[in-house]
Amino acid sequence: MKTAEIKRRFLAHFEANGHAVVPSAPLPAISDPNLLFINAGMVQFVPYFLGQQSPPYARATSVQKCIRTPDIDEVGKTSRHGTFFQMNGNFSFGDYFKDGAIPLAWDLATKSVEAGGFGLDPERIWATVYLDDDEAYDIWRATGVPTERIVRRGKADNFWSMGIPGPCGPCSELYYDRGPEYGREGGPEVDEDRYLEFWNLVFMQFERGPGVGKEDFPILGDLPAKNIDTGMGLERMASLLQGVDNLYEIDEVKPILDRAAELTGKRYGAHSGHAANQSHPDDVRLRVIADHVRTALMLIGDGVTPSNEGRGYVLRRIMRRAIRAVRLLGYQDRALPELLPVARDCMAPSYPELAEEFGRISQYAYAEEDAFLATLRAGTTILDTAIAETKSAGKPALSGDKAFQLHDTYGFPIDLTLEIAAEQGLQVDADGFRRLMADQRSRAKADAQARKTGHTDVSAYRSVLDGGGPVEFTGYTELNRESR
Ligand code: ATP
Ligand code: MG
Ligand code: MG
Ligand code: MG
């Protein structure tokens, strides 16, 4: 079943059950100062859940475009994480609760394909519930799920809150057993790759007080109106219904991957000797390229442009990561003019505006690739000279200064410096590099602080003097918290 058809059926099912069909909000989360991008279907409905506005409907359904940059390191390695994905959802604002949400999800998941459902084998579906949520447990039992396939899980997995005082509650996740070829038996707690999470049902029923993060807080009492928020991963459902191993192989993504393989002369899946859940680096790179190119298309489509801060910076990092992966696979020319039109053709059936605006979108994308390729060329010349000098001086490692200068002045990524140096039999003084990065970061922080308060906060300098710890790129995670 095509992804667009899964989306259509989802909306039709909930529309037939009295839900208003609401369009996706654009990816930039403009209404939430703490969030760069929408990362769940419920985000656009938050004012209703918080009781700040009264909803024009009691039930709604949507297919929300989402970005989860915290998942970026999983992309290509797990079978189920994209930086961009679509979350199908149904929502109840003080209307139906658990006894409505569970059967609605179960019906659609298990109803035959002929009858308009997804036709999943009910014997392979597992449900999780929060530790003491007997109500949900009993409803699953009544729906026909045997006790062996209902798992009680703790707060970390099965309790939802926003990290601030407000609504919270237990949740219940649906998993599909993909079979022994995907991993170990025993349910989602044993193997999250074999047992693929495809749907999360959140039961907002309590009010939480202030506390620490998402786990340590008091429950103040029941909410006056109980709400439902669910999220089904569209791409995950597509991977199940299309019988493919992972979400990079579904109809909306695989053509990009295939084109990247063609360009780089790699055969995807050629290294079949690799252990389950441990893909060959070439295959991981091809998946990363496919995922990131699609994400870039969707982001620029929604008005984000590459820049050095905020949303634009996330886009830039994602694009550069894709371009780097292409080069690491051995293709040195401009790749986006080959890949981006393929992504457009994959996505335009669901998002026709991408075809209409492709001129604008591709202009930004291609200019960004050209700029990055120019950076790489300039940096490579400087690096080659530095490597030659280091070698003739008989030193084993390129200085941290040089690596930092390449990064800071030429925008040349450190991972590339490490890689090229290694090819030449040289190490890089990574500690020195990290120290300089930490200095720079504290300076930037202190400057920002000074701008805010009108005077310079010297404590940041102090902490640098006291020792620079390891430096990682944290922009993805720190700029974009997950909301569930
Ligand atoms: P996981 O544990 O697999 O990372 P999650 O529990 O973080 O998923 P939820 O926050 O419950 O995911 O989101 C609801 C649904 O959205 C999930 O059940 C899944 O189907 C889908 N989903 C979540 N993250 C991603 C992603 N990075 N790519 C594709 N689909 C996703
Ligand atoms: Mg997750
Ligand atoms: Mg999960
Ligand atoms: Mg979940």
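Helix H9 (residues 310–328) packs against helix H12 (residues 358–392) at an angle of about 65°, and their axes lie 10 Å apart. This is a predicted model, where local features need pLDDT of at least 70, side-chain atom pairs count only at pLDDT 80 or more, and totals for chains, interfaces and linings use all residues. Residues are numbered from 1 along each chain as its sequence is written, with chains lettered from A and ligands numbered from 1 in the order in which they are written.

**The H9–H12 packing**
- H9 passes H12 in a right-handed crossing (the near helix is turned clockwise from the far one by less than a right angle).
- From H9, Arg316, Met319, Arg320 and Ile323 meet Glu368, Glu369 and Phe372 of H12 (C-beta atoms, placed from the backbone, within 7 Å).
- By class, this contact has three nonpolar, no polar and four charged residues.

**Around ligand 1**
- Of the 17 residues around ligand 1, the nearest are His81, Phe85, Asn200, Gly231 and Gly233 (here C-beta, placed from the backbone, lies within 6 Å of the molecule).
- Strands S3 (84–93), S8 (195–208) and S9 (219–233) and helix H6 (234–241) each supply at least two residues of the shell.
- S8 gives the most, with four residues.
- The shell around ligand 1 divides into five nonpolar, five polar and seven charged residues.

**Confidence**
- The mean pLDDT (the predictor's confidence in each residue, from 0 to 100) of the protein chain is 90, and 92% of its residues reach 70 or more.
- Over residues 456–484 the pLDDT is below 50, and this stretch has 49 contacts in the model beyond near neighbours in sequence.
- The model scores ipTM 0.99 and pTM 0.87.

Conventions
Nonpolar A, V, L, I, M, F, W, Y, C, P; charged D, E, K, R; others polar. Axes fitted to C-alpha atoms, helices over the stretch in contact; angles between N-to-C directions. Contact = placed C-beta atoms within 7 Å.
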